[in-house]
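Please walk me through this structure in the viewer, one selection at a time. I would like to know what to pick next and what is found there.

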Amino acid sequence: MAILTRLDEVVSLCKRRGFIYQSSEIYGGLASCYDYGPLGVELKRNVRAAWWKSMVQMRDDVVGLDCSILMHPLVWKASGHADKFADLVTVCRKCNTRSRVDHLASHADEHAAHVPVETAMKDAKDLTKKVCPSCGAVGQFTEPMAFKLMFETQMGANVDDSMTLFLRPETAQGIFANFRNVMDSTRVKVPFGIAQIGKSFRNEVTTKAFIFRTREFEQAELEFFCEPGTDDKWYEYWKDYRYKWYTDLGLKKENLRLREHDKDELAHYAKGCVDVEYRFPFGQGDWQELEGIANRTDFDLRQHQRGIRTLNAWHENGRDLSKVKLADEDPEYLKGPLSFFDEEKKARYVPYVIEPSAGIDRSSLAFLVDAYDEDEINGEKRNVLRFSPALAPIKCAVLPLVKKDGMPEIATKLYDQLKRKFNCFYDEKSAIGRRYRRQDEAGTPYCFTIDGQTKEDQTVTVRERDSLKQERLHLDSVLQFMRDKLDM
Ligand code: ATP
């Protein structure tokens, strides 16, 4: 089994095959921003759709939401992002490279996991043994300083009444802010979840790992609200459920693991947190986070109840976020708008939250890298992407064996029928072997070939990408064959 062992191999495969390009490349590129090409956009749409199907469509206890990216500034005061969302950074005096303090290791080849700023702060006191990941110099670092991660922008036409807003650094807060709306406008009852997929923005310090860490990225987040006391059970439940999602879609188990956070890695309000990690085969060959699953207790909903109480102070201070302090918690917070009244138990509480928070770009990259393979057919090397049918950018190709004898006509008719249901591809150029190879490289799981026999008995050849098996199928059953394979 062949694997991509270098990041530059992945980058060049993605560019060559039209998965991912550098943003603004004709202008020399824009660091850490990427564009999805014709195959990449389909892969990413399929990853999103698979997440939505599993997290919303298939579940009676989850509803969807799509919030605006720009939100009231107090949202970020209440969530803690406005005051605390920063990385500590330091610069190597020898080579001038800027690094996150929590990413520095004591050996050049050691992988340092992400830790909260408070822990990084403790580490920051002693950088004498830390190694620069760029030039290898030991302990040559400047005094660490905080680097704010939220992008700011101005809303409003006039300088006088314009307001500073933030591009959201996560989608989760839009869900908390709509908790009451969803409760009032639907028939959901705790336990239930609200799910959302959307863009988030972070002015990341280090971004050199292709689409793994970018400043604009897409998240898929679920906030699952449950009764305090049942949270441990739901935390375990969502860990298993999310792990299975990745493996069901084809990620190899040996490349996937759950890593429970140590106590000192946990944010102060979190009761538990586990990362779903994928072993990317390049770089240090190390395990990297695809998703975090956290038990966030009742922290977020309670914080937003404090946020609402801060509104007057914010207006009184000229809508300047830096001049207001978050209001204290109402001693009667249990009666607040973000609480839930359980009719059966006649009890009121602020629900606990289990949050599986995944990255669409990171998982797309993992699915792509994991699917890559090379083998040999009749002594000829073949590059193949073994995507699961659900994720494959093109589901099937229709290929007339030759461009004559009525074959293109039958093929076009079949193609017109199939493309109404899912993405497929029509190709009548070049030798059939080359056309198969092209589809293998794009990860297309099935090819239907129309040949001389088709006219006689209305059958076509179906060729499977992975097993290379070829069998004949009646023209009328092609659509159903594909539906079965795609589970639709
Ligand atoms: P990291 O430690 O890698 O910076 P994080 O712990 O800050 O990630 P979360 O805040 O838990 O990440 O975000 C949830 C998910 O969103 C991550 O698991 C990841 O898949 C995705 N994500 C977060 N930041 C980025 C980014 N800069 N680029 C791409 N995806 C990201």
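The tour below begins with the whole chain and then moves through selected elements and residues.

**The whole chain**

Keep everything displayed to begin with, and bear in mind that this is a predicted model. The chain has 488 residues, of which 52% count as buried. Its secondary structure consists of 15 helices and 23 strands. Along the principal axes, the C-alpha atoms occupy a box of roughly 80 × 65 × 50 Å.

The accessible area is about 23,800 Å², and carbon and sulfur atoms contribute 50% of it. Colouring by charge brings up 74 positive and 78 negative charges, whose mean positions are 2 Å apart. As for contacts with a separation of 6 or more, 64% of them link residues 24 or more positions apart.

**Helix α2**

Select residues 38-57, which make up helix α2. This helix has 20 residues and spans 26 Å from its first C-alpha to its last, close to the 28 Å expected at 1.5 Å a residue. Now show side chains: the buried residues of α2 include Leu39, Leu43, Val47, Trp51 and Met55.

**The cis peptide bond**

Go next to Val190 and Pro191. The peptide bond that joins Val190 to Pro191 is cis, with omega near 5 degrees. Pro191 sits in the loop between α7 (179-185) and β9 (192-201).

**Two glutamates in strands**

Select Glu355, in strand β16 (residues 352-359). With a relative accessible area of 7%, Glu355 falls under the 20% cut-off and is therefore buried. Leaving out residues up to four places away in sequence, Glu355 touches Ala172, Glu221, Leu222, Glu223, Gly292, Ile293, Ala294 and Arg296.

Glu289 belongs to strand β13 (residues 287-297). Is Glu289 buried or partly exposed? Glu289 is partly exposed, at 29% relative accessible area. Apart from residues up to four places away in sequence, its contacts are Phe212, Asp275, Val276, Glu277 and Arg362.

**Asp405 and Met407**

Move to Asp405, in the loop between β19 (396-400) and α12 (407-419). Asp405 is not a glycine, yet its phi is positive, at about 60 degrees. Its relative accessible area is 48%, which makes it partly exposed.

Continue to Met407, in helix α12. Met407 is buried, at 7% relative accessibility. Beyond its neighbours within four places in sequence, Met407 is in contact with Pro400, Leu401, Val402, Ile450, Asp451 and Gly452. A distance drawn from Met407 to Ser200 gives 49 Å, C-alpha to C-alpha, for a pair 207 residues apart in sequence.

**Ser430**

Select Ser430, in the loop between β20 (424-426) and α13 (432-442). Ser430 also has a positive phi, near 65 degrees. It is partly exposed, with a relative accessible area of 34%.

For the last stop, select residues 446-450, 459-464 and 470-474. Strand β21 (residues 446-450) runs antiparallel to β22, and 4 bridges join the two. In this pairing, Phe448 has Val462 as its bridge partner in β22.

On to the next pair: β22 (residues 459-464) and β23 (residues 470-474) are antiparallel as well, over 5 bridges. Two opposite pairs to display are Val460 with Leu473 and Thr459 with His474.

What do β22 and β23 form? They form a hairpin, with 5 residues between the strands. Within the turn, Leu468 has a positive phi of about 60 degrees.

Finally, bring back the rest of the chain around β22. Of the 6 residues of β22, 5 are buried, so the strand is largely enclosed by the rest of the structure.

Notes. Residues numbered from 1 in each chain as written. Predicted model: local features only at pLDDT ≥ 70, side-chain atom pairs only at ≥ 80, totals over all residues. Heavy atoms only, no water. Expected span 1.5 Å × (residues − 1). Buried < 20%, exposed > 50% of the residue type's maximum accessible area, 1.4 Å probe, protein only. Pairing = 2+ DSSP bridges. Contact = heavy atoms within 4.5 Å. Areas by Shrake-Rupley, 256 points an atom, 1.4 Å probe, with all protein chains shown as cover. Lys, Arg positive; Asp, Glu negative; His and termini not counted. Charge placed at Lys NZ, Arg CZ, Asp CG, Glu CD.
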